[in-house]
Amino acid sequence: MEIIEEKHDNALVCRLAGRLDGQTSAEATARLAASQAEAAGKPILLDLSELDYLSSAGLRVILVAAKSAKAAGSRLSLCAPTPEVKEILDISGFGSILPIHASREEALADA
Amino acid sequence: MHLTLRNDPDEIGRLPGLLESFSEGHDLPPAVIARLNLILEELATNVMHYGFRGGEEDRIEIDLQRQPSSILFRFRDNGAPYNPLEAPAAAVDAPLEDRVPGGLGLHLVREIADAITYRFADGWNELDLRLDYLAE
């Protein structure tokens, strides 16, 4: 799994590529915590367009990051999930706990 | 195809490669393989966390069979007797403040599999599952 950070004026974008699962969740949690410290209160946008696979261990990573963003007075949102990843997010009710935008453009316009 | 997993989280990391071989032999869509991988990861993770007692004999045995429009598979483990169909429902409607990590794995399995039956026999938990893929 890879996490590529991109700084935008109104948000820190983290592009997640590969698999977010039980094998990669510990590293991803640490990376996102570091990104959050770096964002210093700016909203964080997770771009999921290159995420091929998401399991409950990965959902936990996203939930932990969303909770910690909220506790820090910031917020975390998601964009551009593939249909397969979107299905997992929907089944888990993640649409009711954080914004899921269809595209990165739409997400940044809303940030 | 038959797979055996020992009680080691790294064994779950072998699933993508093993399922790729299964897929190549049977020309299955990647989305179906991802769902199959997810169900197996969630079940195996659960058994390793809660079911196994830490002995050398801990085993998960998986049999996969392709049918014209579905994959039939059996997931067996010799951990503590446990019926995942009786796990409490996950709170998927709860707001962020009330969400606690965990509990989503078996929820995903129950939502994604098209049929599941459970039995405990001769010291083994046995789940028979069906995943349909043409009727989408």
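In which loop of chain A does A:A40 lie? Select A:A40 and you are in the loop between α1 and β3 of chain A. Before going on, know that this is a predicted model, where local features need pLDDT of at least 70, side-chain atom pairs count only at pLDDT 80 or more, and totals for chains, interfaces and linings use all residues. Residues are numbered from 1 along each chain as its sequence is written, chains are lettered from A and ligands numbered from 1 in the order in which they are written, and side-chain values use heavy atoms, with hydrogens and water left out.

**Stop 1: two residues with a positive phi**

Stay on A:A40 for a moment. Its phi is positive, about 45°, although A:A40 is not a glycine. A:A40 counts as exposed, at 67% relative accessibility. Here buried means under 20% relative accessible area, exposed means over 50%, and partly exposed is in between, with a 1.4 Å probe and protein chains only.

Now jump to B:D122, in the loop between β4 (115-121) and β5 (124-132) of chain B. B:D122 is not a glycine, yet has a positive phi of about 55°. With a relative accessible area of 79%, B:D122 is exposed. The helix and strand names are DSSP runs numbered from the N terminus: helices are H or I with at least four residues, strands are E with at least two.

**Stop 2**

Go back to chain A and pick A:S25, which is found in helix α1 (residues 25-39). Is A:S25 buried or exposed? A:S25 is buried, with a relative accessible area of 15%. Leaving out residues up to four places away in sequence, A:S25 touches A:A57 and A:V61, where contact means heavy atoms within 4.5 Å.

Next, select residues 56-71 of chain A. This is helix α2, with 16 residues, reaching 22 Å from first C-alpha to last, close to the 22 Å expected at 1.5 Å a residue. That expected span is 1.5 Å times one less than the number of residues. Among the buried residues of α2(A) are A:A57, A:L59, A:V61 and A:I62. Just after the helix, A:G73 takes a positive phi of about 75°.

**Stop 3: helix α3 of chain A**

Which residues of helix α3 (residues 83-91) of chain A are buried? They are A:V85, A:I88, A:L89 and A:I91. Their cover includes β3, α2, β4 (76-79) and β5 (100-101) of chain A together with α3 and α4 of chain B. Just after α3(A) you reach A:G93, with a positive phi of about 70°.

**Stop 4: the pockets**

On a 1 Å grid over the protein atoms alone, a cavity is a set of points where a 1.4 Å probe fits but cannot get out; a pocket is an open set with protein on both sides within 12 Å along at least five of seven lines, and lining residues have an atom within 4 Å of a point. Grid points are joined across faces, edges and corners, and a volume is the space filled by probe spheres set on the points.

The largest pocket holds about 640 Å³ of space. Of its 30 lining residues, select the ones closest to the centre: A:S56, B:T45, B:N46, B:H49 and B:Y50. α3(B) gives the most to this lining, with 7 residues.

The second largest pocket has a volume of about 260 Å³. Of the 13 residues that line this pocket, A:R19, B:P30, B:I33, B:A34 and B:N37 are the closest to its centre. Here too α3(B) gives the most, with 5 residues.

**Stop 5: the cavities**

How many cavities of 30 Å³ or more does a search of the whole structure find? It finds 3. The largest cavity has a volume of about 130 Å³, and the closest to its centre among its 13 lining residues are B:N46, B:V47, B:D77, B:Y82 and B:P84. The largest share of this lining, 5 residues, comes from α3(B).
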